Amino acid sequence: MTDRTLFHKPLSETLADHPYINDFLDSFGLTIELGEKTLADYLDTLDPDTLEDLGLSEEQLRHSLDEFLSGMMALSDPMEKVESLTIIGGHNKSGEAENLELVLKPGEVICIVGPTGSGKSRLLADIEWVAQGDTPTKRKILINDQVPDSKWRFSTEYKLVAQLSQNMNFVMDLSAEEFIRMHAESRLVTDPEEKVAQILQQANELAGEQFEPDTPVTSLSGGQSRALMIADMAILSKSPIALIDEIENAGIDRKKALDLLVKEEKIILMATHDPILALMGDRRLVIKNGGIDKIIESSEAERKNLLSLEELDNKLLALRNRIRTGDTLETI
Ligand SMILES: Nc1ncnc2c1ncn2[C@@H]1O[C@H](COP(=O)(O)OP(=O)(O)O)[C@@H](O)[C@H]1O
Ligand SMILES: [Mg+2]
């Protein structure tokens, strides 16, 4: 139950602190007039007939608003901040123990490397599922040294983990703009139109080829849909943990994509084969035969090499653009 004072404070104050109350009422087709003195006063003035049309009693509306508010407030409670993610080892495909307890902190970028089929996506899935010994690897994941609350595991509004998956299959008959708007609205942001515009612009910067807001999502190329999901994740997702599965093959500007996704307060785990992305991480988990076999800290020497790798990459990118525009490569 929420703090009752919230219902009895001046309404303008309550709405400034909890703007999502508007969205909640909006979802029932109700709007608040600022003339009301408090939230309790507002609920008192609701016409019983209107509520009956909605199939609700005032009692039920109060109850669900109360539940909604306690959910939202619990999630923004600083006590719930993710301060660490711990991976407690399970076993590899041969049943050999991983013998490790790895603690990751916000601001860290961890790369997951290893051959195809070695178990990179499986490790990401263990984290997404907040595994508790209930997956084939028998790993356990702790948040802030504890088994996380079911609220964290199953909330859809504020997910603990945001995942950018390897395969993006759109089955919806929506335009890119409608799709992003739907996301923005479901995440209860206060300025959805502005966010939608930002996401479309960012996605176009990341994708090699431009697309229009009214392009159906089913007609986007692999790179364009990847770019759209990355921009969406970077701009809308409040999840403290971000998982990224192999963005390198998507034909997007992956350095820009990573810069966009890396935010101080997030823990980022990324499966990759790409040397540039791998060197941009703080640490690399080397996966072999389904288990975490080795942990490599990115060294100073490696970071120096990153610069020449980036030069090489830019050169290739320029050549790719020349091919795209019909140029020949007789001189490079
Ligand atoms: N420790 C493990 N024990 C049993 N099966 C595993 C283990 N690790 C991975 N697997 C399985 O091996 C297969 C390949 O793993 P996957 O994560 O898809 O590889 P990658 O993403 O590296 O190509 C999957 O079916 C996965 O569930
Ligand atoms: Mg994979």
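Student: Which of the 15 residues around ligand 1 come nearest?
Tutor: Gly 119, Lys 120, Ser 121, Arg 122 and Gly 290. A residue is near a molecule if its C-beta atom, placed from the backbone, lies within 6 Å of it. This is a predicted model: local features need pLDDT of at least 70, side-chain atom pairs count only at pLDDT 80 or more, and totals for chains, interfaces and linings use all residues. Residues are numbered from 1 along each chain as its sequence is written, while chains are lettered from A and ligands numbered from 1 in the order in which they are written.

Student: Which helix gives the most to the shell around ligand 1?
Tutor: Helix H7, residues 120-128, with three residues. Helices are DSSP runs of H or I with at least four residues, strands are E runs of at least two, and both are numbered from the N terminus.

Student: How do the residues of that shell divide into nonpolar, polar and charged?
Tutor: One is nonpolar, eleven are polar and three are charged. Gly counts as polar here, Asp, Glu, Lys and Arg as charged, and Ala, Val, Leu, Ile, Met, Phe, Trp, Tyr, Cys and Pro as nonpolar; the others are polar.

Student: Where does H7 lie, and at what angle to S6 does it run?
Tutor: H7 lies across strand S3 (109-113), S5, S6, S7 and S8, and its angle to S6 is about 155°. Angles run from 0 to 180 degrees between N-to-C directions; axes are lines fitted to C-alpha atoms, for helices over the stretch in contact.

Student: What is the strand order of the open sheet of six?
Tutor: S5-S6-S7-S3-S8-S9, with mixed pairing. Neighbouring strands are turned by 20° against each other on average, direction ignored.

Student: What makes S5 and S9 edge strands?
Tutor: Each pairs on one side only; S5 spans 161-164.

Student: How do you know that strands S6 and S7 pair?
Tutor: Two strands pair if DSSP finds at least two bridges between them. S6 (241-245) and S7 (267-271) have five, in the parallel sense. So they meet the rule. Ala 242, for instance, stands opposite Ile 268 in S7.

Student: In which sense do S8 and S9 run, and how many bridges join them?
Tutor: S8 (283-288) and S9 (291-297) run antiparallel, and six bridges join them. Lys 288 stands opposite Gly 291 in S9. Two residues lie between the strands of this hairpin.

Student: What is phi of Asn 289?
Tutor: Near 50°, a positive value in a residue other than glycine. Most residues other than glycine have a negative phi. Asn 289 lies in the loop between S8 and S9.

Student: Why is Asn 289 called partly exposed?
Tutor: A residue is buried if 20 or more other C-beta atoms, placed from the backbone, lie within 10 Å of its own, exposed if 12 or fewer, and partly exposed in between. Asn 289 has 14, so it falls in between.

Student: Where is Lys 138 found?
Tutor: In the loop between H7 and S4. Lys 138 also has a positive phi, about 60°, although it is not a glycine.

Student: How far apart in space are Pro 136 and His 91?
Tutor: They are 8.6 Å apart, C-alpha to C-alpha, across 45 residues of sequence.

Student: In what order do the three strands of the other open sheet stand?
Tutor: S2-S1-S4, with antiparallel pairing. S2 (101-104) and S4 (140-143) are the edge strands. S1 (85-88) and S4 pair over four bridges. In S4, Lys 140 is the bridge partner of Ile 88.

Student: Which residues of the largest nonpolar core touch the most other members?
Tutor: Of its 60 residues, these do: Ile 112, Ile 230, Ala 231, Ile 241, Leu 243, Leu 261 and Met 270. Helix H11 (222-236) gives the most to this core, with nine residues. Such a core is a set of buried Ala, Val, Leu, Ile, Met, Phe, Trp, Tyr and Cys residues joined through C-beta atoms within 7 Å.

Student: With which residues is Leu 243 in contact, leaving aside its neighbours within four places in sequence?
Tutor: Among them are Leu 124, Ile 127, Val 161 and Leu 269. Contact means C-beta atoms, placed from the backbone, within 7 Å.

How values were computed: Two residues are in contact if their C-beta atoms, placed from the backbone, lie within 7 Å.
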